[in-house]
Amino acid sequence: MQAHYDCIIIGAGHNGLVCGAILARRGKRVLIVEASTSVGGPAATHEFAPGFRASTAHLMHLMPRSLITALGLEQHGLQFAANGMATTSLSPSGNHLLLTPESVAAASPVDAEAYPAFLTRMTRLAGALRPMLASVPPRLGTDAWSDRIALLKLGWQIRRLGRKDMRELLRIIGMNAYDLCTDYLKAPLLQGALAFDATLGGNLGPRAPGTVLPWLVRLAMQGADGNVGLAQPVGGMGGLSDALARAAKAAGAEVRTGVRVDRVLVADDRVTGVVLSSGESYLAPVVVSNADPKTTFIDLLGPEHLDTEFVRRVDRARSKGVVAKLHLALDRLPAFANLPESALRGRLLLAPSLTYVERAFDAPKYGEYSAAPAMEITVPTVNDPSLAPAGSHVLSAVVECAAYDLRAGWTEQRDAYQALLIDQLEGLAPGLRSSVRAAELLTPVDLEARYGNRGGHWHHADLALDQFYFVRPVAGAAQYSTPVAGLFLCGAATHPGGGVAGENGRLAAQAVLAKAV
Amino acid sequence: MSNPTDGVTHFNQPLLKTPFHNRARALSQNDSFVAWAGYTTVDVFTSPEQEYFAVRNTTGVYDLTPMIKYRITGKGALRFLNHLVTRDVSKLKVNRVIYTVWCNDDGHILDDGTLFRLGEDEYWLCCAERQYDWLLDSAIGFDVAVEEVTEQVAALAVQGPTSCWTLKQLGMSGIENLKPFEVGRFQVEGVDVMASRTGFTGDLGYEIWMPPEKAEFIWDRLMEAGRTRLIRPIGSQALNAVRIEAGFLMPHFDFVSAESTIRLGRDRSPLELGLDWLVDFKKGHFNGRRALVAEQKRGVTRKLVGLDIDGNKPAHSALLYTDKSGQTEVGFVTSAMWSPTCKRNIALAMVNAPFFSVGSEVWAEIYLNRELLWERRMVKATVVEKPFFAPERRRLTPPADR
């Protein structure tokens, strides 16, 4: 006899867990199935060398405090090894810049007033987007009052900024990060760091139109009241995901790992359950997919259940990743030249100028990897020594940019690329190479193979104006519901986007409760 | 045979010539050609009336090479086609043909055409519009290959009461056993010719398919075979007349492909065109199904119907009204003719609700040009069953041997 549930969630990534936990708390019988043997997807902690553990998504910075509280994650074991982590913009010449108003003022007097004013203003502008980011997007072209009210609210939020700020928001929202940086700021290290954050994970370099938007979204979500800021959970990101899984189980959800969904069952244009690759099937009137849209619609559901124009939109959604991830097992703390050891408690950005970041993005356009990559580096063992044997350390670097479809082939090029990345780090931290005991490089192709996200995209799909809000991931699936009744999305390709935020999962649960169960 | 357009630059000679072009030009008395799907084709050889009567009384031959042909192959071909078109393709057996339509996501018709199943995993889709992009997009996620083969196949429609006899004279023995919508393979003096009992005339008739390099050879043999039965090539005008009698729809006249409409509301759903019988809601999902289910629930607000119009003046492009005063418009005529065979003044028309049912009366505003003097007539028109002409011989197997 097949087991019946109210809701089956495909994928125990953080969004799937959040969604499952919320639905279970509302009394639904929830089953969360995960292909991998552990929960969390990229936000898990894995052993990449004996005794050395790392998290592919290595920082938490977007999850609202309200969600952490609502799910009782701290009662379920979430602890922070660090929060409110600082950012240092690394300079190849050793004049690193700690991104605080004080040190910016000291290093670049022209930015002394401009930088805090810029942050204040941008936080204010981003604030106008916050209600939009925390709600299910309205549908366009309907007669429903709820949709109209949502649009009116958005308009009102923007209008409420006042004339000057509204004009500025409308000026910059479709603009490129490069121009925004040069409009307001002068120090190249500051500009580069900002451009890095604006473009992180996407396919578009800072000179591409629309790159301000992802940065505003990030700012809006970080700026939410009581946000933990850049944070590192104890035990790595697995600490967060395990707490989420415990919260879900405590609420009554079943979490099964090591079971891969083969396809979604449909009868009479309604979802009826899932079939596992083992042949086993589970029935439920609601299936929520934490997988990316291409996997969900084309592989798991099948295009025969969808219309051509919808499938075309899914197929054309930009989802080729350009991010690689490097984990190094080090037998001592890396010594970055001219950098105080305390900076290693925060994150380091290698994005010394706008041009540097822009050039890094040129490579994947031509099927290459950048020889001068931009990086976000953490040494998580500084805050949490449990991640490595005593005295040893882990270096974790998000690296941009490397083509998903590398012309020369990843099998042929991975060793050369890894050597190049270690060379780069050696240049910043002399002696690092000799301390490397083991290394793990995850190219976009590896990320795809490991996490099942088609294209290996860091955020499942580019965050840009044409893939944002009521068209994220595509029109027709932007309200978490899909053309097939009972099938919902909750992954990073949904609104509001990627990053370990959990909002996607929360809003998907809201959409499920409103519509289906 | 060398292609007549070889060595001619595209902008000087934008229309292609079919493999039958030289033969057709030689027989064309009016030098009346029209462009069709990028080819130059004959509109009238001698007179539309003469050609019309060839189809209804003897045999008319129509060059349908320009019809767009797609070859669809692969393990997923059936799954792909069942998702593409509105009918249940799983019921289509090898060597059989169905007429079908296909829709966009909104349930609006992109095109209609015939679907041939030529092998276990091989199909041909013959249609009016080029739509390779749509087929490729529809193929995302299906194990299927789509290829346009329009130029690789030459085709003739051989239609009329003596068409079977004529093809037998051509050497295609056994063709008399082909049932309607069946496909057979034959040899004509060593040339492979495929025949299907299909057509656009509503009469007994066949379409024969051959390699382009053998086109003139087959044409010559065919004309010789049918000489004693007054076989005659026909142009588009005569074809248009016989297809109206048969109640068949002509793209760009009776509907416009949803891909090429610009104005809102100008596209049509199969339910609006009275093609409900082509839409299989029970077969599972197909493209546009959700929109069509919703439309069926709402009910259509306009519908394509057949009209029998008083008098004998064709109601070309006539507007339709509720009454003779002509104050309240209720639709318009899409195709019209005086039917010599039915002796009726017939038309296809889009009418608004509630004038759908047989027997409903509307009034047609007909304009007549009599040596430059325009006359306007309000004439009563009655909604009638389609087709207007459906002789028993179109289905009879074997057909009469004459």
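Student: What should I know before I start?

Tutor: Residues are numbered from 1 along each chain as its sequence is written, and chains are lettered from A, with ligands numbered from 1, in the order in which they are written. The model is predicted, so local features need pLDDT of at least 70 and side-chain atom pairs count only at pLDDT 80 or more, while totals for chains, interfaces and linings use all residues.

Student: Which domains make up chain A?

Tutor: Domain bounds come from an automatic or database domain assignment. Chain A has domain 1 (7-45 + 60-82 + 231-318 + 456-515), domain 2 (100-222) and domain 3 (323-451). Taken over C-alpha atoms, the centres of domain 2 and domain 3 of chain A are 28 Å apart.

Student: How many residues of domain 2 of chain A are in contact with domain 3 of chain A?

Tutor: Contact means that C-beta atoms, placed from the backbone, lie within 7 Å. Here 15 residues of domain 2 of chain A are in contact with eleven residues of domain 3 of chain A. On the domain 2 side, α8(A) gives the largest share, eight residues. Helices here are DSSP runs (H or I, at least four residues), numbered from the N terminus.

Student: How do I read two packed helices?

Tutor: Two packed helices are described by the angle between their axes and the distance between the axes. The axes of α4 (114-133) and α6 (163-172) of chain A come within 10 Å and cross at roughly 80 degrees. Axes are lines fitted to C-alpha atoms, for helices over the stretch in contact, with angles from 0 to 180 degrees between N-to-C directions. α4(A) and α6(A) are therefore roughly perpendicular (65 to 115 degrees). R124(A), L125(A) and A128(A) of α4(A) meet D165(A), E168(A) and L169(A) of α6(A).

Conventions. Two residues are in contact if their C-beta atoms, placed from the backbone, lie within 7 Å. Helices (H or I, at least four residues) and strands (E, at least two) are DSSP runs, numbered from the N terminus. Angles under 35 degrees count as roughly parallel, over 145 as roughly antiparallel, 65 to 115 as roughly perpendicular and the rest as oblique.
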